[in-house]
Amino acid sequence: MASLRVLGIDPGLTRCGVGVVDVARDRSATLVHVGVVRSSPDAPIAERLAAIAAGIRAVIDEHGPHVVAVERVFAQQNMHTVMGTAQASGIALLIAAEHGLPAALHTPTEIKAAVTGYGAADKRQVQTMVARVLRLEALPQPADAADALALALCHGWRGGPAGDASQSDTPALRAWRDAERRASRIARRPTPRVAP
């Protein structure tokens with residue numbers, strides 16, 4: 001395959017960023033599509049999720065990506081926001097599976113580090129580097145769209161359709177895996193019996 005076509009999805013209920021890029025073996029990248037799938041905050045949740053699903057399906061049908069990369073949801077202070085983001089993320093992963101596409105999750109820190117070299121970069125720095133890498137005349141707007149492009153670039157540069165982490169492990173990803181292993185060990189411990 002001369003290049004890997006990656007659909008990056010920055011999940012959100014009101015604005016779900018979508019960006020498609022072709023990433024060549026030499027790490028050069030070309031913009032294919034960028035946009036935002038929107039749903040009305042006043043609509044019932046089922047209709048909002050259906051709108052996000054329809055928008056993602058349309059992008060896949062039109063641009064034929066090889067892989068889907070979704071931003072990994074982290075707990076935030078605002079539970080309402082994180083719930084909507086998690087729901088949109090689940091929709092994106094479901095649609096990838098429906099289309100037989102491999103899907104990968106990347107943390108915000110991984111994405112920023114891949115694109116800017118700095119895991120705590122701000123939105124403007126990410127937009128600037130995305131514009132530079134893709135040779136855009138202006139910064140991609142809105143921020144959700146820029147984040148989706150950054151996600152697609154991050155995944156394309158990590159190598160392999162399913163994002164083989166062994167090729168390019170990051171501190172953020174190693175920390176995440178360590179935490180998952182610890183949680184898994186705790187979950188497998190037998191529950192102590194209490195005498196009646």
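Predicted model: local features only at pLDDT ≥ 70, side-chain atom pairs only at ≥ 80, totals over all residues.
Trainee: Which side chain does D22 meet in a salt bridge?

Mentor: The side chain of R5, with N to O at 2.7 Å. A salt bridge here is a side-chain nitrogen of Lys or Arg within 4 Å of a carboxyl oxygen of Asp or Glu. The two residues sit in distant parts of the chain, 17 residues apart: D22 is in strand β2, and R5 is in strand β1 (residues 3–10). Helices (H or I, at least four residues) and strands (E, at least two) are DSSP runs, numbered from the N terminus.

Trainee: How many salt bridges does the structure hold?

Mentor: It holds 5. One of them joins D144 to R15, with the closest N and O atoms 2.8 Å apart. That pair spans 129 residues of sequence, from R15 in strand β2 to D144 in helix α5. D144 is buried at 13% relative accessibility, whereas R15 is partly exposed at 37%.

Trainee: And what does R158 form a salt bridge with?

Mentor: With E110, the closest N and O atoms being 3.6 Å apart. R158 is in helix α5 and E110 in helix α3 (residues 108–116), so to speak distant parts of the chain, 48 residues apart. Both R158 and E110 are buried.

Trainee: α5 keeps coming up. How many of its residues are buried?

Mentor: 15 of 16, so the rest of the structure largely encloses α5. For the protein chain, 41% of the 196 residues count as buried.

Trainee: New topic. What pattern does the chain follow?

Mentor: Along the sequence it goes β-β-β-α-β-α-β-α-α-α-α. That gives 6 helices and 5 strands.

Trainee: How do β2 and β3 run?

Mentor: Antiparallel, with 9 bridges joining β2 (residues 15–24) to β3 (residues 29–38). Strands pair if DSSP finds at least two bridges between them. V20 stands opposite H33 in β3.

Trainee: What lies between the two strands?

Mentor: A turn: they form a hairpin with 4 residues between them, and R27 in the turn has a positive phi of about 75°.

Trainee: Which residues does R135 touch?

Mentor: A29 and T30, leaving out residues up to four places away in sequence. Contact means heavy atoms within 4.5 Å. R135 itself lies in the loop between α4 (123–133) and α5 (143–158). R135 counts as exposed, because its relative accessibility is 56%. Its C-alpha is 8.6 Å from the C-alpha of L31, although R135 and L31 are 104 residues apart along the chain.

Trainee: What share of the contacts comes from residues 24 or more positions apart?

Mentor: 59%, taken over the contacts in the protein chain with a separation of 6 or more.

Note on methods. Residues numbered from 1 in each chain as written. Heavy atoms only, no water. Buried < 20%, exposed > 50% of the residue type's maximum accessible area, 1.4 Å probe, protein only.
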